[in-house]
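Here is a protein model to look through together. Take a moment with the picture, and then we'll go through it piece by piece.

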Amino acid sequence: MKLNVAVLPGDGAGPEVTAEAVRVLDAVASRFGHAVNVVTGSIGGHAIDTFGTPLPDETSAVCHEADAVLFGAVGGPKWDDPHAHVHPEQGILDLRKRMGLFANLRPVRAYPALVNSSPLKPHLLEGVDMLIVRELTGGLYFSRPKRRWTTSRGRRGVDTLRYTEREIERVLRVAFELARRRRKQLTSADKANVLESSRLWREIATELAADYPDVEVDHIYVDNLAMQLIRDPSRFDVVVSENTFGDIISDEAAVLSGSLGMLQSASLSGLPGAGKPRRPSALYEPIHGSAPDIAGQGIANPIGAILSMALMLRYSFGLEEEAVAVERSVEAVLAEGYRTPDIAGDGGGVVGTARMGGVIAGRV
Ligand code: IPM
Ligand code: MG
C-alpha cells in the first residue's frame with residue numbers, strides 16, 4: 001500500500017518526537033511491504049517566524065493532498081505574549097476546523113510496566129483501559145462571540161459555548177459506535193445542572209441511546225467525572241464530552257498511563273468504514289504539547305507520537321496488523337526496561353528520544 005503522509009513537526013519537542021514516529025513508520029513499511037511518502041509542512045510558531053502566520057496555505061494544501069497528517073506540537077515561550085495578534089495554537093485549532101476533525105479519540109491505558117511511574121496507588125490502575133472522545137471543532141473553543149475589549153468600567157472578555165444539534169449528534173454517534181466495538185459502556189460527561197448546552201447534549205445522548213440498545217449509557221457531571229477518574233478509573237470504557245471538558249479530563253487521565261508523553265490521539269472527520277466511500281480526513285498527534293522545558297535536549301518521550309502513528313495505520317489505512325505490531329513493540333520495549341526520563345520513576349534504564357524511537361523501530 002502507498003501511504004501518503006503529511007508531517008507537521010511544529011515547535012519545541014514536536015520535531016524530535018515526530019522524527020521518531022516517522023522512523024517507526026519506515027520500519028513498519030519495510031517489514032510489511034508498504035511505500036511511505038512523507039511531505040512536511042510548517043505550522044505554529046515555526047510558521048509564524050517563517051511565513052508570518054501559524055497555518056500557511058502551503059501547509060493546508062499539503063494536508064489536503066495527504067491521506068493522513070502526523071502532527072507534533074505547537075507553542076513555546078517565544079510566542080507567549082498574550083497581546084500578540086497571532087498565537088501558534090491557532091495553527092492547530094484552524095487546521096482541526098478546516099479539516100472538519102470533530103471527533104478526537106484519546107485512548108488511555110495503564111501499562112503494567114509503568115504502574116510505578118504513576119503517582120497513583122498501583123491497585124487503582126489495574127484494568128484501566130478507556131477511550132476519551134472529545135468534541136473538537138465546536139463548543140467553548142470556537143463559538144462566537146469570542147473577544148476582549150475595554151469599557152469605561154474596565155476590561156471585559158467573552159467566550160461562548162454554543163452547540164448545534166448536528167454537532168452534538170455526530171460526535172455522540174462516533175462515541176456510541178466505538179463503545180460498540182469495545183466493552184459497550186458509554187459515559188457522557190456534561191454540566192447539565194448548570195449549562196443549557198449540556199442539557200441539550202444530555203437530551204440528544206438520551207434520544208440516540210435508542211439506536212444503540214446494546215450500549216449501556218450513563219451521564220455524569222464533569223466535575224464528578226474528574227473525581228471518579230482518579231477514584232475508580234477502571235470503571236470507564238468510552239467517555240464522551242464537549243471540547244473544553246475533554247481537553248481538561250484527558251490531561252487528568254494521562255496520569256493513569258504514567259506520563260502525558262505516553263498518550264496518543266486521533267482527530268477524525270468521521271469513523272472510517274461507516275458506509276462512506278471516501279476516507280475521512282484525519283490528523284494524529286501526541287497529547288503532550290511542545291514541552292519547552294525539555295525541548296531540544298533529546299529527552300522527550302516519543303511514545304505518544306509513535307502510538308499516534310499506530311492509530312493512523314489503524315484508522316486511516318485499515319492496517320490493523322501493522323498498528324498492533326507497533327503497539328506490541330512499545331509494550332515490549334517498556335517491559336525490557338527502556339525509559340525516557342518522564343517515565344523513569346521505577347528506575348529503568350534511562351534513554352533519550354532517538355534511542356527510544358530506535359529500539360521501538362527495531363522491535364517492529
Ligand atoms: C490539546 C492541546 C490543544 C487544545 C492546545 C495546544 C490548543 O491542549 O490538544 O489538548 O487545547 O486543544
Ligand atoms: Mg490539551
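Is Met 312 buried or exposed? Met 312 is buried, with a relative accessible area of 0%. (Buried means under 20% relative accessible area, exposed means over 50%, and partly exposed is in between, using a 1.4 Å probe and protein chains only.)

## Before we start

This is a predicted model, where local features need pLDDT of at least 70, side-chain atom pairs count only at pLDDT 80 or more, and totals for chains, interfaces and linings use all residues. Residues are numbered from 1 along each chain as its sequence is written, chains are lettered from A and ligands numbered from 1 in the order in which they are written, and side-chain values use heavy atoms, leaving out hydrogens and water.

## Met 312 and its helix

Met 312 sits in helix H10. (Helices, H or I with at least four residues, and strands, E with at least two, are DSSP runs numbered from the N terminus.) Helix H10 covers residues 303-315, and its 13 residues should span 18 Å at 1.5 Å a residue; the end C-alpha atoms are 18 Å apart, which agrees. (The expected span is 1.5 Å times one less than the number of residues.) H10 is mostly covered, with 12 of its 13 residues buried. Among them are Ile 303, Leu 307, Leu 311 and Tyr 315.

What does Met 312 touch, leaving aside residues up to four places away in sequence? Its contacts are Val 5, Leu 25, Ala 68, Leu 70, Tyr 284 and Phe 317. (Contact means heavy atoms within 4.5 Å.) Gly 75 is another matter: its C-alpha atom is 23 Å from that of Met 312, and the two are 237 residues apart along the chain.

## The big picture: a sheet

Now for the strands. An open sheet is built from 10 of them, in the order E2-E1-E3-E12-E11-E4-E5-E10-E8-E9, with mixed pairing. (Two strands pair if DSSP finds at least two bridges between them.) Strand E2 (35-40) and strand E9 (216-221) are at the edges with a single partner strand each, so one side of each has no neighbour in the sheet. From one strand to the next, the twist averages 25°.

Let's zoom in on some pairs. Strand E1 (residues 2-10) and strand E3 (residues 68-73) run parallel and are joined by five bridges. Here Val 5 stands opposite Ala 68 in E3, and both of these residues are on the list of Met 312's contacts.

## Strand E11, wrapped on both faces

Strand E11 (residues 264-268) has five of its five residues buried, so it is largely enclosed by the rest of the structure. In a regular strand the side chains alternate between the two faces of the sheet. For E11, Gln 264, Ala 266 and Leu 268 are buried on one side, and Ser 265 and Ser 267 are buried on the other.

E11 also has partners to talk about. Strand E4 (residues 103-109) runs antiparallel to E11, with three bridges joining them, and Leu 105 has Ala 266 as its bridge partner in E11. E11 and E12 pair in the antiparallel sense too, over five bridges, and there Ala 266 stands opposite Tyr 284.

## Helices across the sheet

Helix H1 (residues 14-32) lies across E1, E2, E3 and strand E12 (282-286), running at about 165° to E1. Helix H3 (residues 57-65) lies across E1, E2 and E3, at about 150° to E1. (Axes are lines fitted to C-alpha atoms, for helices over the stretch in contact, and angles run from 0 to 180 degrees between N-to-C directions.)

## Around ligand 1

Which residues are around ligand 1? They are Glu 89, Arg 96, Arg 106, Arg 134, Tyr 141 and Asp 247. (A residue is near a molecule or strand if one of its heavy atoms lies within 4 Å of it.) A polar side-chain atom of Tyr 141 lies 2.5 Å from an oxygen atom of ligand 1. For Arg 134, a side-chain N or O atom is 2.9 Å from a ligand 1 oxygen atom, and for Asp 247 that distance is 2.9 Å.

Tyr 141 also touches Thr 244, a residue of helix H9 (residues 243-254). Thr 244 counts as buried, at 15% relative accessibility.

Conventions:
Polar contact = N/O pair within 3.5 Å; in protein donor to acceptor, adjacent residues only side chain to side chain.
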